[in-house]
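This report describes the fold and a selection of side-chain contacts in one protein model. Please consult the sequence and the structure shown below alongside the text.

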Amino acid sequence: MMVGFGCPVILWLALAAVQGPVLGLGEDMDRPLIGPPGSPVRLHESDAGLKKALQFAEERYNQGSNAMHLRKVSRLLSATKQLVKGIRYSITVELSNTQCKKSNTLGTCDFYPEIQKLKTEVCLFEVWDIPWQGTSTLLKQKCQPKVEVQQEETNNIVDASTSQPLEDSVELLGQFKEFMVKYNKDYSSQEEADYRLFVFHENLKTAEKLQTLDQGSAEYGVTKFSDLTEEEFQSAYLNPLLSQWNLHRLMKPARPARGPAPASWDWRDHGAVGSIKNQGMCGSCWAFSVTGNIEGQWFLKNGTLLSLSEQELVDCDGLDQACKGGLPSNAYEAIEKLGGLETETDYSYTGKKQSCDFTSMKVAAYINSSVELSKDEKDIAAWLAENGPVSVALNAFAMQFYRKGVSHPMKIFCNSWMIDHAVLMVGYGERKNIPFWAIKNSWGEDYGEQGYYYLYRGSNACGINKMCSSAVVN
């Protein structure tokens, strides 16, 4: 169901010139929201699996709550599921107080009849269910009080041309039109544009929260991802396999650096980092992270900076899942078995899974093994300065709205165990006494600071220390 956004129809005339026919969201509840099979699909409230996931989320919420009364779902706002080694449910609901204390059974509890006693919250739950194991896990719980719009009684006639809501709508539409023009956005219908405006507005609120609570110097706001829901962004650009720790292959530990880390270091200044690339709407960040690392390692051993093929890994790495995600540890092993990587020119990127077209005669770079780094950030910095750019992974929630500066999200936005994006760490330093990691991303040059993301260094922010690795070229 599309969500409406209340504003006068005449205001949409400003958008008419920049709208055109493209593929829009369908109304079919079983159709993926975005992307290939395996992407999230919408659910109806009658779905049996959703009911089970909702009951589980309610139980976990109440177990962790300090409130006197039990709470239960008073309204389902949206729900999707995604097949990820089981079923991953993403559910947005309103939770309200019941009249039962915690000793009661939730199913028999009635809500308070008085609205002020309901104390309703809007909550996002992510539940990972593995039916064949009979297990469910609560991956995410984010709740905030529901803001009720208070309508004051008045006998005064308000001039609509000067009312604040209309002014706000005009400003919002101006921002949305600018966004559409800048990022060449087209929508298939008025209904689709209406929905994307709603998402855009909600994302502005999220960016504002990130901005208010950021502990660094980052600027958050409108980016090319501002018309995507969190679930769509995760499905199209991130990598859910990274947080499935049971899938990780054990790697040899890297030898510690010979000396302490210098005060700052940047491999871009030493010729070991290639240009920014764009993975497109494909969860292949793992391939870009690994090839970027190998490009640096090959340069340091042979003096030549090559642009190596990510598409070869997307097509030929049988250990990973192409655009549905992968692990750097698997990618290194796959490259060793294949015998190396071709160049980007010989095996160009398409951003979708194809049949493997690898040719051993065209191998341009090879690796001998791979290693896992220490999880201490000081050790990581010392190793990087001595040995080259490092493949790393992190929780990318704040990255959807990042524009510039040193990002330091609060932990509530950036759980260190829910890492979902692989990138390349190319250096570190300080800006106005704020220590940072310099991170090469794979979302194009129109992202962040010319394609780069800068993250606070020294507090293991967003799990940046959890999965640091490198290929070894002898």
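How many helices and strands are there in the protein? The model, which is predicted, contains 9 helices and 16 strands.

Of the 474 residues of the protein, 53% count as buried. The accessible surface comes to about 22,900 Å², and carbon and sulfur atoms account for 52% of that area. When contacts between residues at least 6 apart in sequence are considered, 74% of them join residues at least 24 apart.

Strand β15 spans residues 452-456. Because 4 of its 5 residues are buried, this strand is largely enclosed by the rest of the structure.

Two pairings of β15 may be described in turn. With strand β12 (residues 406-407), β15 pairs in the parallel sense over 2 bridges; here V406 stands opposite Y454 of β15. With strand β14 (residues 434-440), the pairing of β15 is antiparallel and extends over 5 bridges.

**Charges over aromatic rings**

W437 also takes part in a contact with a charged side chain: the charged end of R457 sits over its ring. A further case involves K466, which lies over the face of W417. The distances to the ring centres are listed below.

| Charged residue | Ring | Distance to ring centre |
|---|---|---|
| R457 | W437 | 5.8 Å |
| K466 | W417 | 3.7 Å |

**Aromatic pairs**

The count of aromatic pairs comes to 22. One of them joins F176 and F179, whose rings are stacked, with 6.0 Å from centre to centre and 20° between the planes. Both residues belong to helix α3 (residues 164-182), where they lie 3 residues apart, about one turn of the helix.

Are the members of this pair buried or exposed? F176 has a relative accessibility of 0% and therefore counts as buried. F179 has a relative accessible area of 2%, so this residue is buried as well.

Ring pairs also link a cluster made up of F225, F233, Y237, Y402, W443, Y447 and Y453. One member of this cluster, Y453, falls within the residue range 452-456 of strand β15.

Technical notes. Residues numbered from 1 in each chain as written. Predicted model: local features only at pLDDT ≥ 70, side-chain atom pairs only at ≥ 80, totals over all residues. Heavy atoms only, no water. Buried < 20%, exposed > 50% of the residue type's maximum accessible area, 1.4 Å probe, protein only. Pairing = 2+ DSSP bridges. Contact = heavy atoms within 4.5 Å. Areas by Shrake-Rupley, 256 points an atom, 1.4 Å probe, with all protein chains shown as cover. Phe/Tyr/Trp six-rings, centres within 6.5 Å; stacked < 30°, edge-to-face > 60°. Lys NZ or Arg CZ within 6 Å of the ring centre and 35° of its normal.
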